[in-house]
Amino acid sequence: MTLPNPSSDQLIVVNLAAIVVGTTFNAPQKAIKWGGLVVAVVTTTCALWCTHHA
């Protein structure tokens, strides 16, 4: 199985999600720590698998 080539928009979303995880994962509050991780996973998943039509 081969993965499709990601578009530049998808790569931007993945990079921004990585920044969110990197900046929130060491937060002392668990809500911020895990909230950042959940937001990153959901947005990355949607960017890679959801199809949006203009």
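Rings of Phe, Tyr and Trp (for Trp, the six-membered ring) count as a pair if their centres lie within 6.5 Å; planes under 30 degrees apart are called stacked, those over 60 edge-to-face, and the rest tilted. By that rule, the structure holds one aromatic pair. Its partners are Phe 25 and Trp 34: the ring centres are 5.9 Å apart and the planes stand at 80°, so this pair is edge-to-face.

A quick word on ground rules. This is a predicted model, where local features need pLDDT of at least 70 and side-chain atom pairs count only at pLDDT 80 or more, while totals for chains, interfaces and linings use all residues. Residues are numbered from 1 along each chain as its sequence is written, and side-chain values use heavy atoms, with hydrogens and water left out.

Back to Phe 25, which has another neighbour: the charged end of Lys 33 sits over its ring, 4.8 Å from the centre. For that label, NZ of Lys or CZ of Arg must be within 6 Å of the ring centre and within 35 degrees of the ring normal.

Buried means under 20%, exposed over 50%, and partly exposed lies in between (1.4 Å probe, protein chains only). Of the chain's 54 residues, 15% count as buried.

The protein chain has two helices and zero strands, taken as DSSP runs (H or I of at least four residues for helices, E of at least two for strands) and numbered from the N terminus.
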